[in-house]
Amino acid sequence: MSRRFAISRTPGTSLHGWLWVAPTLVFLVVFVYGPALANVRYSLFSFSAMSTSMEFVGLANYARLLDDPIFLQGLANNALYALISVIFQVGVALTLAAVLEARIFPSFAANTFRSALFLPSILPVVVVGLIWQLLLAPAMGLVDQVLWEVGLGDWSRAWLGDPDTALLTVIMVSQWQWTGYIMALFMVAIRAIPRDLYEAMELEGASGPRIFWNLTVPGARETILIVTIITILGSLKVFDIVWVMTAGGPNHSSEVLGTLMYRAAFRDDVIGYSSTIATVIFFIALTIGVVQIKLQKDR
Amino acid sequence: MSYMKIDGVRKSFGRYEALRGVDIDIAKREFVVLLGPSGCGKSTLLRMIAGLEEIDSGDLIIDGQRMNDVKSANRGISMVFQSYALYPHKTVRQNMEFGLKVAGLKKPERDVKIAEAARILQLVPLLDRLPRDLSGGQRQRVAIGRAIVREPKVFLFDEPLSNLDAALRMQMRVELARLHRELRATMVYVTHDQVEAMTLADRIVVMRDGLIEQTGSPLEIYRRPVNAFVAGFIGSPTMNLLEARVTAVSGRTVRVDAMGLTTEAEVEGPPPPVGARVTLGIRPEHLDGRTDAGHGPALDIIACERLGGVSHAFTRLSDGTELTVQFDGEQSIAPGDTITCAVQPGRAHLFSAETGLRL
């Protein structure tokens, strides 16, 4: 107590404290907050990366954005991406973690299953994208071949070339890659719930699903909240897997804000417009972050 | 008539044998305490009764039904855990209600049972609180309440008082004894605290290394321990166990000497021959300590414990053997003093020096 008092009251000690955090603070200002603020400023201009002149256009970029059907499509795609990701990476991953931690399977089987599910998360996203492109190739790909083999040839299609399935296919590949990783996080959270509580519920005759809802879910609440926020933010910022697999196509059907922003900046050379998209992503992410902090404080 | 029978129960964890053949018969409404040091297998046995551990071999019979393969929930038992195991996000009422809901009881029935348990355990004002808002003693009462509402055939307690402070532990001991009288329930209670065992049990089962050493009423075990281990484990401070030599034998009366401390004891089996080595057991409260000389061997006090009503003097004989002597609390003693002592007649226990068994 006296130590805290000394730190807050002594100017010399206070300066000392600031010196300790200064390197990180400088780094954050130069590489995070500065560029973020600069980006907001750029969104008010129209300019090319090839030119030094910038024309102030006020909120015109934002107005254009609201009239841009591709932006709205991208926003909707991001929302769908987030929704499915939350279902899989929170719902399915938590269920898998609970099942594996429930000691239903022999430990060898559980460990094998856990490793198999976790493995995709250690692969680079680009590699995952390319592997699945090959697997999903029409007619030649393993997926189609399996479908033909099991008598479901009618389901065969150009998964990434069909506007009806392109986005969902990319989303499912993403779930394949990350569900096992999130499952591992949930397993850690479940292990932190005292074993006695599970035994007490078992003694009271609770079924597996009842134990899941009455103990595992409330016990892992904190992790569920954080994972949900991380998953939504990740879905909002998604770029790499979409770019590698479909580049937002066909016909913008799998476009997300990340690919839209990238295309505006590096193909169409409308940096102001691209910054506007980035600013929108930033503020949506900021809002979600604030909600997360609020929810955690309320707890 | 046995209500719960544990017959030749064994349990191994890998190559480690936690229980090596345990037999206990428990009568209806009996309060049985499983007592022993850490690692003796008492908690494992309780968990096997609860169905939380599988029984490798042997039988568990409750109310005439073999329970080895019956699910925990269907064995008619309730368990109070050492950690209380209260569901942290549920209120006291919800904690008690959960098992009843699972059992499919309607709300009015649940409410009646909860109200009754809350009345017995004085939990009425706490029903809407979360466990984190309760003291240790209150949590313990909730854990007991959760067990009571299910009206089990057998209550199991796994060291339920070990997380409480001394004052609260004493209070809860009284509560548990009252509860046992009021509920007239069969209870199996695990502890390593012999005071808990002595004060609560109808019958104590003393265990060591996965085996039962002795079963009997608290006073029976206190007065007639079957071996030196039980003798040393029951009683506080622990019984003095001294190396002694037989100096005379007359019928079943054996006279022994341990570094000048002489006494006589009755043996039940064949008496040992004169000159044989035996272990002499004397409780501190059965030694008459004096501050004047000539009363027995000289003992140097190395430490004193003053408990008010009585004092315990931790002393050392000339050969380094340590001996604890109980004095009246009014007696003036201090470390560094020299005292003498004698054994009260008929209070000594004799054990075989080789096997540790009572002679």
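**Figure 1. Domain division of chain B in the predicted model**. In this predicted model, chain B comprises domain 1, spanning residues 2-233, and domain 2, spanning residues 240-352. The centres of domain 1 of chain B and domain 2 of chain B, computed over C-alpha atoms, lie 38 Å apart. Where the two domains meet, 10 residues of domain 1 of chain B are in contact with 7 residues of domain 2 of chain B. The area buried between domain 1 of chain B and domain 2 of chain B amounts to about 660 Å², with carbon and sulfur atoms contributing 51%.

**Figure 2. Polar and charged links between the domains of chain B**. Between domain 1 of chain B and domain 2 of chain B there is 1 salt bridge. The side chains of Glu268(B) and Arg224(B) form a salt bridge with an N to O distance of 2.5 Å. On the side of domain 1 of chain B that touches domain 2 of chain B, helix H7 (218-223) and helix H8 (228-233) of chain B each provide at least two residues. Sorted by class, that side of domain 1 of chain B holds 6 nonpolar, 2 polar and 2 charged residues.

**Figure 3. Antiparallel strands S16, S17 and S18 of chain B**. Strand S16 (residues 298-306) of chain B pairs with strand S17 (residues 310-316) of chain B in the antiparallel sense, over 6 bridges. Within this pairing, Arg306(B) has Ser311(B) in S17(B) as its bridge partner. S16(B) and S17(B) make a hairpin with 3 residues between them, and Gly308(B) in the turn adopts a positive phi of about 100 degrees. S17(B) is in turn paired with strand S18 (residues 322-328) of chain B, again in the antiparallel sense, over 7 bridges. Ser311(B) is bridged here to Phe327(B) of S18(B). The hairpin of S17(B) and S18(B) has 5 residues between the strands, among them Gly320(B), whose positive phi is near 95 degrees.

**Figure 4. The interface of chain B and chain A**. In this view, 22 residues of chain B are in contact with 14 residues of chain A. The area buried between the two chains is about 1,600 Å², and carbon and sulfur atoms give 61% of this area. Tyr87(B), Phe98(B) and Val102(B) supply 30% of the area that chain B buries against chain A, more than any other three residues.

**Figure 5. Salt bridge and polar contacts between the chains**. The interface of chain B and chain A contains 1 salt bridge. Glu199(A) and Arg47(B) form a salt bridge in which the closest N and O atoms are 2.5 Å apart. Between the two chains, 7 residue pairs are in polar contact. Helix H1 (42-50), strand S6 (77-80) and helix H2 (92-102) of chain B are the elements giving two or more residues to the side that touches chain A. H2(B) gives the most to this side, with 4 residues. The side of chain B that touches chain A consists, by class, of 12 nonpolar, 5 polar and 5 charged residues.

**Figure 6. The domains of chain A and their contact**. Chain A is assigned domain 1 (2-42) and domain 2 (64-298). Their centres, taken over C-alpha atoms, are separated by 35 Å. The contact involves 4 residues from domain 1 of chain A and 6 residues from domain 2 of chain A. About 370 Å² is buried between these domains, of which carbon and sulfur atoms give 60%. In domain 1 of chain A, Asn39(A), Val40(A) and Tyr42(A) lose the most area to domain 2 of chain A, together 87% of what that side buries. The two domains of chain A share 0 salt bridges, whereas 2 residue pairs are in polar contact across their interface.

Note on methods: Residues numbered from 1 in each chain as written. Chains lettered and ligands numbered in written order. Predicted model: local features only at pLDDT ≥ 70, side-chain atom pairs only at ≥ 80, totals over all residues. Heavy atoms only, no water. Domains from an automatic or database assignment. Contact = heavy atoms within 4.5 Å. Buried area = accessible area lost by both parts, 1.4 Å probe. Salt bridge = Lys/Arg side-chain N within 4 Å of Asp/Glu carboxyl O. Polar contact = N/O pair within 3.5 Å; in protein donor to acceptor, adjacent residues only side chain to side chain. Pairing = 2+ DSSP bridges. Nonpolar A, V, L, I, M, F, W, Y, C, P; charged D, E, K, R; others polar.
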